Amino acid sequence: MTGPILFFDGACGLCSRAVVFLMRRDARGVIRYAPLGGATDATHGVSDGAITPQRSLVWREADGRVLRRSDGALAAAAALGGAWRWLAAALRLVPRGLRDAVYDAIAERRHRWFGSEACEWPTDALRARVLP
């Protein structure tokens with residue numbers, strides 16, 4: 001496997017919407033996606049089987065480096081290129097503690113605000129981009 005993988009909570013409405021958002025903007029198909037707790041996660045061991053607010057999104061670089069919380073979200077945005085790379089760079093100027101506090105506050109409430117339904121991929125083409 002080459003390239004980065006974005007691991008996400010497959011039973012989170014916000015996470016599902018974020019993945020679809022990224023897929024539609026990832027014209028080069030750089031990012032691969034896999035649900036936390038799935039077979040790909042088991043192979044790479046990014047969540048250790050536990051999905052917590054701080055593990056609702058995990059970015060794994062091609063070299064195996066793992067980024068969590070706001071660092072993972074910003075890495076995903078930067079991978080899109082263009083204006084998204086610039087936005088991610090600007091947000092990296094915000095201290096990590098503050099970024100992670102905002103990330104954690106949203107992550108802890110994501111199921112309440114966005115639901116806990118399983119992912120519903122709008123097209124077969126998008127569904128095909130998700131690893132097991």
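**Labels and their grounds**

Modeller: Let us begin with phenylalanine 114, which is found in helix H5, residues 96-114; please keep in mind that the model is predicted.

Biologist: Why is phenylalanine 114 called partly exposed?

Modeller: Its relative accessible area is 30%, and partly exposed covers what lies between the buried limit of under 20% and the exposed limit of over 50%, so phenylalanine 114 is partly exposed.

Biologist: Which residues make the nonpolar surface patch that includes Phe114?

Modeller: The patch is made by Leu98, Val102, Ile106, Trp113 and Phe114, and it has an area of about 470 Å².

Biologist: How many aromatic pairs does a search of the whole structure find, and what makes the pair of phenylalanine 21 and tryptophan 84 edge-to-face?

Modeller: The search finds one aromatic pair. The ring centres of phenylalanine 21 and tryptophan 84 are 5.4 Å apart, and the limit for pairing is 6.5 Å; their planes stand at 90 degrees, where over 60 counts as edge-to-face, so the pair is edge-to-face. The pair links distant parts of the chain, with phenylalanine 21 in helix H1 (residues 13-25) and tryptophan 84 in helix H4 (residues 82-91), 63 residues apart.

Biologist: How do you know whether phenylalanine 21 and tryptophan 84 are buried or partly exposed?

Modeller: Phenylalanine 21 has a relative accessible area of 33% and tryptophan 84 one of 32%; since buried means under 20% and exposed over 50%, phenylalanine 21 is partly exposed, and tryptophan 84 is partly exposed as well.

Biologist: Which residues have the most contacts inside the largest nonpolar core, and which elements supply it?

Modeller: That core has 20 residues, and those with the most contacts inside it are Leu6, Val19, Leu22, Ile31, Tyr33 and Trp59. At least two residues each come from strand E1 (5-8), H1, strand E3 (57-60), helix H3 (69-79) and H5, with H1 giving the largest share, five residues. Apart from this core lies another, of seven residues, among them Ile5, Ala34, Leu36 and Val46.

Biologist: What does isoleucine 31 touch?

Modeller: Not counting residues up to four places away in sequence, isoleucine 31 touches Pro4, Leu6, Asp26, Trp59, Ala76, Ala79, Leu80 and Arg129.

Conventions. Residues are numbered from 1 along each chain as its sequence is written. This is a predicted model: local features need pLDDT of at least 70, side-chain atom pairs count only at pLDDT 80 or more; totals for chains, interfaces and linings use all residues. Side-chain values use heavy atoms; hydrogens and water are left out. Patches are made of residues with over 30% relative accessible area and no salt bridge: like charges are joined within 9 Å, nonpolar side chains (Val, Leu, Ile, Met, Phe, Trp, Tyr) within 5 Å. Accessible areas come from the Shrake-Rupley method with a 1.4 Å probe; for residues, only the protein chains shown count as cover. A salt bridge is a side-chain nitrogen of Lys or Arg within 4 Å of a carboxyl oxygen of Asp or Glu. Helices (H or I, at least four residues) and strands (E, at least two) are DSSP runs, numbered from the N terminus. Buried means under 20% relative accessible area, exposed over 50%, partly exposed in between (1.4 Å probe, protein chains only). Rings of Phe, Tyr and Trp (its six-membered ring) pair if their centres lie within 6.5 Å; planes under 30 degrees apart count as stacked, over 60 as edge-to-face and the rest as tilted. A nonpolar core is a set of buried Ala, Val, Leu, Ile, Met, Phe, Trp, Tyr and Cys residues joined through side-chain atoms within 4.5 Å. Contact means heavy atoms within 4.5 Å.
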